[in-house]
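Dear colleague,

Please find the structure below, together with an account of what was found in it. I would be grateful if you could read the two side by side.

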Amino acid sequence: MPQNSKLIVNAMLKTQELQLNIGPQHPSTHGVFRLIVTVDGETVIDLKPVFGYLHRNHEQLGEVSTYIQSMPFTDRLDYFNSMANNFGLSIAVEKLAGIEVPQRANYIRVLMAELTRILNHAAAVAFMINDMGAWQTPLAYGMREREKILDLFEMASGARMMCNYFRFGGVVRDLPPEFMPQLHDLMRGLPTFFDEFERLLRENEILMLRSQGVGILPKELAASYSVTGPVLRASGIAYDIRKAEPYSVYDELDFDVPIGSVGDVYDRFLIRIEEMRQSYRLVQQIIERLPDTTGGHINPAMANIGKQKALRPPAGDAYGRVESPKGELGFYLVSDGSTRPYRYKVRAPSFINLTPLGDMCRGHKVADVVVILGSIDIVMGEVDR
Amino acid sequence: MTVEFARGKSYVVDRGKPKTRAGQGMLAGLDVVIRHFFSAFGKKVETQADTSGVFTVQYPEERLELPQAFRNFPILLFDDATGHELCTSCFQCERICPPQVIHMSQATDPVTGKAIPAVKEFVIEYDACMSCGLCAEVCPFDAIKMDHEFELATSDHLSMTVDKAGLDRPISYYQAIAPRFWEEAKDSALKKLAGNMKRRSGNIGITPSFIGKAQKAAPAAAKAVSAATPAVAAKPATPPAPIGKNMSEDKLARLVAIRAANAGGAPAAVAAPVAAAADVDHGGAEVAAPVAAAPVRTAPSGGTSAALSTGVPFNADNILGGVPENTAMVEDKIERLKSIRSGNIGKGE
Amino acid sequence: MPSMSAEELKERLTRDLPGALAPARAKAEHVTNGSAAPQTDPPAKPKKGAEGPVDLLATNDAIVLSERIPDVVRYVRDTLGYTFLTDLTAVDYMADGLIELIYRFLHLDGGPTMAIKTRVPRDRAVVPSITPFWPGADLQEREAYDMYGVDFPGHPNLVRVYMWDEFEGFPMRKDFPRQGDKYIEEEDEA
């Protein structure tokens, strides 16, 4: 129908805006997350997210627990990547208390962080494509690699998801002897997986049509929206904490930072696949260097858990941040000299990355809302804490 | 636009062709899927390097081996030979537990009233436990460890609050599931246990399933205990405790006299506490068995000191067995005791 | 990589935005342990080896008057080049009657973060909102409002973010009862 007659028809029809509820119980909202969407036909006019369905008051729990008791609770923040959360809290407390981390412990930590990045991006891409309607096929591929890495985590820390592996000054125990052979096996299979995954998805016409031009976050606005992580990099800003303010041993390792050009869903998808390849590169370097590292798996002064739970950092505050797979995960701690923090704040990337959701969805169809939400890659454990 | 960093650069990701091809992209994906589909016939994934083949583990017929570090819920350890629990109720695990699901009380010496390094009651709420493993990490006596058992689903919610009898496992069980961990902890744990055993009197600190059984018959009984899941760990019937080694002479004589009164015709030898223990053990085992298997006995008229032919302290006929003759129990208390005991026997303890 | 220490920031603020920095705090006659709220471990007196009562309000960072926050934030973004607001945190210092807000910025060329603090009285916690020109502060100001009761006039949509809209009280404040507020019955045992 030519444009003019469409306008006339629209003007003659009495249309109304409808308020839809993409309710908390929904398979595609990545957790209990509610969106109140105002639509005109199928086009989104306004979008209001409602949070708080998974609010567990993690920050006040941090105030009544000692620092080491908070460590298992951080596993449950971004429950997909528990090692990254542990890493964030460790960095923050070590900054606050001035604890040194030996070299071997640092390498083990970065190994775990990069394996976490691979498994998060595999699952995030898989879930996003699942939300687009590619029923379970990419999900099965992504989850298969995730399972292999989870087996490695289970071997090292004792649990697949709630790892509780990091301690202040290192990690809880060294890698078991059967860890490295299995890691070598995994590394041999990963390039095949990356190539297959890309081949399966990258040129797929439906994927391209549904994701290119959808959910654009322009470069000029990205910084003012405070988004971090792959979302920021997809908009063209090359900011990665591992390069900007290197922590642990990232300044001794070589890797690149992929950035996007347009800032749409397709860019975020491509960035995550590229970041998986960069993490693979990092893990290869770590495997080469790990046998030559010294220092043990934890700072000897903090090796006993008795020392961990009696930790009394001097009064003051510290902000420690890591590049978690979802963005900048920061912990702000205020210590009053006792064993419990006075203030324990989590700067959750998923929460703040949701700030531009309304603006990104305006003008798109309802079906695109789910795709955009999947491309931001949120975890409600972090959003609501 | 690339930015140079130290040891790397940033590069713009190549988006590929802007126009979609006429279906070739989907065919490329389909090609991947079809190759995987055909390779799945008959080829099972062997190592983690395989990316094709059947990846599924047919649970519960096939199971993967759990790594030693795997942690699910905590258990308490006791020594295979003596039955002594390693736990001294030092409260460290209770203090460090983040969701605060561990509760315990310390045993006290019955004679002096002082605290001794053994635990009286120990309860863990399995349904709220986070499986973080901090309790196992902090225990100075290596008494509480993380179990590998995870098939604990039950419809009985209350059974998820597990007491000490359900938590106790022999050291051999833990050694079988986590040998490397036990190797590291063995020496100091057993040394500390030896020291603690000296400060425990009587049966304090001995796991309940050992009390009443011959102390020597440990491994078989221990296997039976460990095989039971916590949800179905029955409270063992509490037959009278064997005569301990710290009892004074007159106390011993009084106890034997009471037991003789209860057991009636049973050969309650005074000179052999071990024999008495064995006798009581027999009695205990009888009680644990269903009542129908008990041998025929004469039917006394419910009096307090009726002679029994079997030596069984409690049975369906002599409900009152066990009330000593020289206690002055008031009538209604005796009645209440009768009803409690008949109820207990009805439950098939 | 750009990096600005707290002293340099304070010096530049005094030079370019006179009057924005809060006057230097008189050395407190008494120092407190920060929280007079009952804790599970009441710090009646400092344990052996710990320092004495600590002054939680002592800090190196620039403390700005709350009504000058929009000007200072704009200065930080436009003149100093720290165009990214990464964190907006509220802390409740109940014993001193203050709520402190910390705005943390970073420079997109890298380097460590830079913080600006502002302190408002607890019973009248009002800070002008920066959301109209900095949309990234939207959800974070809502969180500070929901959890601490800080009001941000100028915010386009200042409603609660975690608790439901009709909830009364500010949960993260130190005087909010940990058990037994009017929504949950007092538990008999811990």
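**Contact between chains A and C**

Between chain A and chain C, 18 residue pairs are in polar contact, counting pairs with both residues at pLDDT 80 or more. Please bear in mind throughout that this is a predicted model.

On the side of chain A that touches chain C, at least two residues come from each of the following elements of chain A: α2 (58–64), α11 (241–244), β7, β8, β9, α14 (349–353) and α17 (380–384). By class, that side of chain A comprises 19 nonpolar, 10 polar and 15 charged residues. In total, 44 residues of chain A and 51 residues of chain C take part in the contact. The two chains bury about 3,900 Å² between them, and 55% of this area lies on carbon and sulfur atoms.

Salt bridges also connect the two chains, and chain A and chain C share four of them. In one salt bridge, the side chain of A:E63 meets that of C:K174, with an N to O distance of 3.1 Å.

The antiparallel strands β7(A) and β8 (residues 327–335) of chain A are joined by nine bridges. Within this part of the sheet, A:S324 is placed opposite A:G327 in β8(A).

**A salt bridge within chain A**

Over all chains, the structure holds 50 salt bridges. One salt bridge brings together the side chains of A:K326 and A:D78, at 3.7 Å from N to O. This pair links distant parts of the chain, 248 residues apart: A:K326 lies in the loop between β7 and β8 of chain A, while A:D78 lies in the loop between α3 and α4 (82–97) of chain A.

With kind regards

Conventions. Residues numbered from 1 in each chain as written. Chains lettered and ligands numbered in written order. Predicted model: local features only at pLDDT ≥ 70, side-chain atom pairs only at ≥ 80, totals over all residues. Heavy atoms only, no water. Pairing = 2+ DSSP bridges. Helix = DSSP H or I, 4+ residues; strand = E, 2+ residues; numbered from the N terminus. Contact = heavy atoms within 4.5 Å. Buried area = accessible area lost by both parts, 1.4 Å probe. Salt bridge = Lys/Arg side-chain N within 4 Å of Asp/Glu carboxyl O. Polar contact = N/O pair within 3.5 Å; in protein donor to acceptor, adjacent residues only side chain to side chain. Nonpolar A, V, L, I, M, F, W, Y, C, P; charged D, E, K, R; others polar.
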